[in-house]
Amino acid sequence: MRRVVVVGGGLAGLAATVWLAELGYAVTLLESNGKLGGRTIGLTSGHGDAIENGQHVLAGSYDCIFRYLDSVGTRHLLKFPDEFGVRYPGGHIETFGLRPRNARRIFLGQVRGLGMTALLRAAPAWARLMRDLVRFDDALDDITVDEWFDRLGFPAAVRRIMLNSMVIGLLNELPQYASAHAFAALLRTGADRVRRGGGAAMRIGYPTVDLETLYLNGARRVMAERGVQVRLRTRAVAVAVDDGRARGVRLADGSVIDADAVVLAVPSWNVRSLLDEVPGSEDVRLAAKQLEPIPIMNAYVLLDRPLGTVAPWESLLDSDIGWVFDRDRMHGPRQDGNHLYALTTCAAYDLMTLKNPEVADRLVGALRASYPAAREARVLDVTVVPWPKATFSSRVGMSTIRPGNRTSLPNLVLAGDWTHNDWPTTMEGAAQSASYAVDLVHEALRSGS
């Protein structure tokens, strides 16, 4: 059996490991931490609930995620309500999504702040956006999303209520920093998936279980059944090279794990030192150095009463909280009668400077400002989960420098959402990069190149 070493036990590494094992390779998975999972790692709240580094939303176009979940047997744990809420300061709520009633309210100008005047003013801007998507110039990586929207002429109300939350939710970056190229590329990808897969590609959903149950439990079973060797608390320090090929991975203790191929599925800020001995890796290392991490702040708030949400998740306007996820709706009601909510704020630069108790106070205050029911609610627990290096930032200049999965060595490949794929900083991007990496390894080992 050909031997493959996968470095990194996040989603990209897990997917690559599972798919390589399915192809019959003898796989060794190395993870420097004491648990697998990366961004899907399971945690426990102060009240004993299974939580994670933040709630995730999935699109119907996430083909590689669905392939992975099919492999590990958990795809049935997804649900697609096709609707989300937008909550205004003070408590007013509007719903958006694929359901006809939502489209009807938008087109009739019945959404608060999006009257017919704003919609008519936005029509030429949408036409110009479509023109730019067709032309799709790399020069879009030289300007921010805000600058692009200014150029297109979108009214402020459309940007505040509809577009800004899309940008932040999809790119994990603020519109004043995010690359217009990254957002345009994402819109093109979405349009392509809809063209190929129909309306199902437009669906939006969520897991009905915690992320460890969704992504990890089945993977552990598959890896055990297929004889994958998993080594935790094992730090790889370099790819060992011999005669123009990767011959294995050197560990921190000086030993080398021999391999016929190597997959590096680590974050961009961890990959550079691993390539020290790899000739011709300067471009990859430079790109990895330029990609900056971005912080995401999460908190899990347990209340003695419901907030009165109208959708499984709601975007909050003009708030320290980006999204509120109703875990009762998503995972089922709690036996103790209390109510758990996951709060997520992407690009949380100012929140990341605060201590956890200060973050908790600020987010609870924001919750009370947006939900009338929260003003008299008793807070039973707040578990703050800061994530300083959540993923890479899709800032100006970053979209076009992401390296591909190939390296200068035929049997050494890269995986991770930061590599070049059809998506920005998403779980689907991580899974798609793993699919590319597996194809490259399989091609190299079958051909003997």
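Predicted model: local features only at pLDDT ≥ 70, side-chain atom pairs only at ≥ 80, totals over all residues.
Biologist: How many aromatic pairs does the structure hold?

Modeller: There are 12 aromatic pairs.

Biologist: Take Phe-84 and Phe-96. Why is that pair stacked?

Modeller: Their planes sit at 20°, so the pair is stacked. Planes under 30 degrees apart count as stacked. The ring centres are 6.0 Å apart.

Biologist: Where do Phe-84 and Phe-96 sit in the chain?

Modeller: Phe-84 is in strand β7, residues 83-87. Phe-96 is in strand β8, residues 93-97. They are 12 residues apart, and the pair links distant parts of the chain.

Biologist: And Phe-96, buried or exposed?

Modeller: Phe-96 counts as buried, because its relative accessibility is 6% and the cut-off for buried is under 20%. Phe-84 is partly exposed, with a relative accessible area of 22%.

Biologist: What about Trp-148 and Phe-149?

Modeller: That aromatic pair is stacked too. The rings are 6.0 Å centre to centre, with 25° between the planes. Trp-148 is buried at 0% relative accessibility. Phe-149 is also buried, with a relative accessible area of 0%.

Biologist: Which residues do ring pairs link into a cluster?

Modeller: Trp-148 and Phe-149 belong to it, along with Trp-126, Phe-154 and Phe-183.

Biologist: New topic: arginines. Which ring face does Arg-67 lie over?

Modeller: Arg-67 lies over the face of Trp-19. The distance to the ring centre is 3.8 Å.

Biologist: And Arg-395, which ring is that one over?

Modeller: The face of Tyr-177. Arg-395 is at 4.5 Å from that ring centre.

Technical notes:
Residues numbered from 1 in each chain as written. Heavy atoms only, no water. Phe/Tyr/Trp six-rings, centres within 6.5 Å; stacked < 30°, edge-to-face > 60°. Helix = DSSP H or I, 4+ residues; strand = E, 2+ residues; numbered from the N terminus. Buried < 20%, exposed > 50% of the residue type's maximum accessible area, 1.4 Å probe, protein only. Lys NZ or Arg CZ within 6 Å of the ring centre and 35° of its normal.
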